[in-house]
Amino acid sequence: MSSPAKLRPAPPPAAVVPSTPHWPLPAAASRTELEELLADDVPYGDLTTDALGIGAAAGTMQFTARDKMVLALVEDAAAIIDLAGCQVDLFAASGSVLEPGSPILTARGPASALLRSWKVAQTLIEVWSGIATDARAIVAAAKAVAPNIAVACTRKNVPGTKRFAVAAVKAGGAVMHRLGLSETVLVFPEHQAFLGKEPFVGLVERLRRAAPEKRLVIEVNTLEAAIVAASVGFDVIQAEKFTPAQVALLVARMAAIGRSRPVVAVAGGIHAGNVAAYAQAGADVVVTSSPYLARPCDVQVRIGPSSTDQ
């Protein structure tokens, strides 16, 4: 790579950046992964640029927000442009709230490098900023009602994109529910189908012995199953497709348990339009996949010759 992307003061309208940024911020993906993204789009050279004979011309490229957005993966986009052979100046970090017209980055280099990195970098920002923007909307709606509630995004992202998904979720102010099957103990009804009629109390004892340092989570579909699971010692009750009224009843029942009550997580169909109702019902955590279905944000790109070449 050439020298790391540098943060430059943004011309108006200014981006709203995190309160304690640390520059340069690292990319979510490794150099090898970013090189693979470039190679996937330009496996054997840029036929159009080569045929026109313009590759050596000096040029500039500017990325600007067309939508209001929560910016995500801009550091990775800058690293891709850098890998292609350009110098990059960043005007905002991932997690920044951008208004339409806000500058994102400027790059300088040969036309071949600008044109090679253009679409990969643009698409990376657009897709993952859409996810970050939706995550931020859910977080804002939930915390407006319950400031201490956590919004957790599932692992139901596109396979092979986990690094980017995690970075986008964090940029939006949410957390990851679980990063993979190796991370947490979460008993689904699909697991219970293989356990016959083993009582919950025996299941908890077995799990405590097998994974003594892990919290035990169980997904339930009924209030009755939730109460039984809580009474035998599960640490987190994940209520699947409960209505807000059912969640409120579950939270009230949890208060009657003698030991410290389990965390109440709710999952299934939760999005920015209904999350406030679940927060109002008393859920501790809302679990959602909604951000992964978000519309990409729109980033305007302008590419042209450097002023000295005009």
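In the predicted model, helix H3 (residues 74-84) packs against helix H4 (residues 111-145) at an angle of about 165°, the axes lying 9 Å apart. Axes are lines fitted to C-alpha atoms, for helices over the stretch in contact, and angles run from 0 to 180 degrees between N-to-C directions. Helices (H or I, at least four residues) and strands (E, at least two) are DSSP runs, numbered from the N terminus. H3 and H4 are therefore roughly antiparallel to each other (angles over 145 degrees). The contact (heavy atoms within 4.5 Å) involves Val74, Asp76, Ala77, Ile80, Ile81, Leu83 and Ala84 of H3, together with Ala113, Arg116, Ser117, Val120, Ala121, Leu124 and Ile125 of H4. Of the residues in this contact, 11 are nonpolar, 1 is polar and 2 are charged; Ala, Val, Leu, Ile, Met, Phe, Trp, Tyr, Cys and Pro count as nonpolar, Asp, Glu, Lys and Arg as charged, and the others, Gly among them, as polar.

An open sheet is formed by 7 strands in the order S8-S7-S13-S12-S11-S10-S9, with parallel pairing (two strands pair if DSSP finds at least two bridges between them). Strands S8 (175-176) and S9 (185-187) stand at the edges with a single partner strand each, so one side of each has no neighbour in the sheet. Strand S12 (residues 263-267) pairs with strand S13 (residues 285-288) in the parallel sense over 3 bridges, and Ala265 stands opposite Val285 in S13. Helix H7 (residues 200-210) lies across S9 and strand S10 (216-220), running at about 145° to S10.

Residues are numbered from 1 along each chain as its sequence is written, and side-chain values use heavy atoms, with hydrogens and water left out. As the model is predicted, local features need pLDDT of at least 70 and side-chain atom pairs count only at pLDDT 80 or more, whereas totals for chains, interfaces and linings use all residues.

Notes. Angles under 35 degrees count as roughly parallel, over 145 as roughly antiparallel, 65 to 115 as roughly perpendicular and the rest as oblique.
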